[in-house]
Amino acid sequence: MIWELDLVILILVIIAAIGAIQVKDLLGCAILFGAYSFLMCLLWAIMGAVDVSFTEASVGAGVSTVFFVAAVFRTTRRTKD
Amino acid sequence: MKAIGLIIVVLVGALLLYSTEDFPSWGDPASPASVHVAAHHLKKAIPETSVPNVVTAVLADYRGYDTMFETSVIFCAGLGCFVLLRLFKKRDDDSYYRHVATGITLHIKKDKIPDASSEFERIDTLWTPYDLIVKNVCRILAPFVQLFALYVIAHGHHSPGGGFQGGVILGASVILIAISHDMRTALGRISEKTVHILMAVGVLIYSGIGALCILMGRNFLDYAALSRILFTDKIEARSLGIFGVEVGVGITVMAVMISIYNNLSSEGRQDEGL
């Protein structure tokens, strides 16, 4: 484990997490969640858990981002009721 | 109210950080997890199951029950999305058609929908650019994505991967078709009915292999019992049993991903999506 790389990715994870909470736009939030998942995937890979990292990359960064975007696509600016 | 929330979050965070002090450090050989169980699996996985990737051996053989119920959880997630989102009511808006040769868009009233022909194609109401490059690149890419997914499922014994990852990638290839073309094209390739049958078939394959082991006179999911059907020794039978189980997981995960995407992006109507 290279600790410099680890530190950089950990900081980026925290930035992505805070950004996902703070950002107003839902689509931006979905993209930030994707970035967060991908950074977590890098962290797993650094720690040697390649299977977990693969799952995180395909499920977390891949399909769940698509699900978020698909759900955001069906929302409207203002509520109807 | 906001201040109280902040205080609670900071307190809980501090408690969590404090409690991580008690955890063994990363990669500690003296930690309880790596003393008893992990050592046994690392030593015995290849002689007992002939699967070099220990993660796969633990996931599908030593902890077979866990994985079976994980598959059931994914199946239930797909069913839950279906029950919550699916609407069997047709959209009562007007629909839009494009004349393929000229690219002219036609706005057609509800009850004057033309017969199916190759001259007109139906397009989505919300977002329908005429994207030749995206469509064709994704159409060419999809088979390679599927091939890679099959490799991930089949090669899970030797390298990272397995049913879950491969199934997600298989589902993603169909979702790619649905995003780049439209949902009706993807549903033409793999219909809603097929998806729902496949969802159940995967779980059935997994539990069926387990039940077959009982029929052959051993415990549930003890793949060594399959050696008499497969005409191999017990070790090789366990390896093949793991493969069969992974295929079941892959089928269920693929079908559930497609089903959730279809229901989410079309508001449960399954006619026009993202």
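Start where chain B meets chain A: one salt bridge crosses this interface (a side-chain nitrogen of Lys or Arg within 4 Å of a carboxyl oxygen of Asp or Glu). Select B:Glu267 and A:Arg74 to see the side chains that form it, 3.7 Å from N to O. Keep in mind that this is a predicted model, where local features need pLDDT of at least 70, side-chain atom pairs count only at pLDDT 80 or more, and totals for chains, interfaces and linings use all residues. Residues are numbered from 1 along each chain as its sequence is written, chains are lettered from A in the order in which they are written, and side-chain values use heavy atoms, without hydrogens and water.

Now widen the selection to the whole contact (heavy atoms within 4.5 Å): 25 residues come from chain B and 16 from chain A. About 1900 Å² is buried between the two chains, 76% of it from carbon and sulfur atoms; buried area is the accessible area (1.4 Å probe) lost on putting the two parts together, summed over both. On chain B, pick B:Trp26, B:Gln165 and B:Leu274, which lose the most area to chain A, together 30% of what that side buries.

Which residues sit closest to the centre of the largest pocket? Select A:Gly48, A:Ala49, A:Asp51, A:Val52 and B:Val55, out of 39 lining residues. The pocket holds about 1000 Å³ of space. Here a pocket is an open set of points on a 1 Å grid over the protein atoms alone, where a 1.4 Å probe fits, with protein on both sides within 12 Å along at least five of seven lines; lining residues have an atom within 4 Å of a point.

Conventions:
Grid points are joined across faces, edges and corners, and a volume is the space filled by probe spheres set on the points.
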